[in-house]
Amino acid sequence: MMNYHAAIFDMDGLLLDTERISMQTFSEACSALSLPMLKEVYLKVIGCNATTVQEIICSGYGSQLDYQALRSEWLRRYHGIVTKQAIPIKEGVVELMQWLKSESIPIAVATSSDKEIATIKLTLAGLIDYVDCLSTGCEVTKSKPDPEIFLLAAARLQVPAQQCLAFEDSHNGVLAAVAAGMQVYQVPDLIPPSTELIAMGHHIHSSLADVLHTLQSQQIKQAN
């Protein structure tokens with residue numbers, strides 16, 4: 001008997017290979033405004049919603065930063081790419097989603113992105129039809145690593161959080177999913193998991209194809 005009844009996916013860096021685009025366009029925006037590219041500051045915003053992104057960048061760059069000018073330049077460049085073309089899908093995404101659907105497991109996406117942009121990205125990538133519901137950064141008060149966005153997704157799927165699989169790539173996302181009480185599978189993207197994160201005891205895999213193989217193997221063992 002499977003002990004999960006829903007699957008909740010992060011989007012950027014997990015389903016879609018967008019994080020490199022985001023970092024590159026942030027760097028270009030900094031250059032256009034004669035600002036340094038502070039990579040250590042940028043990496044802290046991965047997985048966060050718009051409000052928390054602003055807090056982290058303003059803190060990292062200091063009070064003299066014109067954040068709205070930087071944000072406008074960054075989003076103009078980023079949206080000019082991700083809303084106009086299909087972003088490459090990560091390894092194993094379609095196969096895992098197809099298998100979950102074949103097992104009648106509902107799927108949600110819990111992303112810190114804006115709802116309209118998230119819908120466009122998933123549609124262009126051909127993934128939107130696999131998704132039963134979205135929970136997005138603009139719909140919650142607290143950003144990842146707070147569990148609010150995952151709990152919202154579980155509520156919309158009408159499945160207890162403890163019976164949900166959560167798939168994440170980022171440090172903040174894993175913390176949020178673990179705090180929600182979900183069964184967490186991480187496929188790291190730009191940042192390898194820290195020693196502290198590994199100590200949380202969640203599952204860490206090299207790809208969603210590897211995750212699919214693991215879930216199928218578990219199901220076979222349970223059947224026997």
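Tutor: Axes here are lines fitted to C-alpha atoms, for helices over the stretch in contact, and angles run from 0 to 180 degrees between N-to-C directions. Helices (H or I, at least four residues) and strands (E, at least two) are DSSP runs, numbered from the N terminus. The model is predicted, so local features need pLDDT of at least 70 and side-chain atom pairs count only at pLDDT 80 or more, while totals for chains, interfaces and linings use all residues. Residues are numbered from 1 along each chain as its sequence is written, and side-chain values use heavy atoms, leaving out hydrogens and water.

Let us look at helix α6, residues 115-124. Its axis lies 10 Å from that of helix α4 (residues 67-82), and the two pack at an angle of about 30 degrees. Contact means heavy atoms within 4.5 Å. From α4 come Tyr78, His79 and Val82, and from α6 Ile117, Ile120, Lys121 and Leu124. Five of these residues are nonpolar, one is polar and one is charged (Ala, Val, Leu, Ile, Met, Phe, Trp, Tyr, Cys and Pro count as nonpolar, Asp, Glu, Lys and Arg as charged, and the others, Gly among them, as polar).

Now for the sheet. Two strands pair if DSSP finds at least two bridges between them. The open sheet has six strands in the order β3-β2-β1-β4-β5-β6, with parallel pairing. β3 (133-136) and β6 (203-204) each have a single partner strand, so one side of each edge strand has no neighbour in the sheet. Helix α6 packs on this sheet, touching β2 and β3, and its direction makes about 135 degrees with that of β3.
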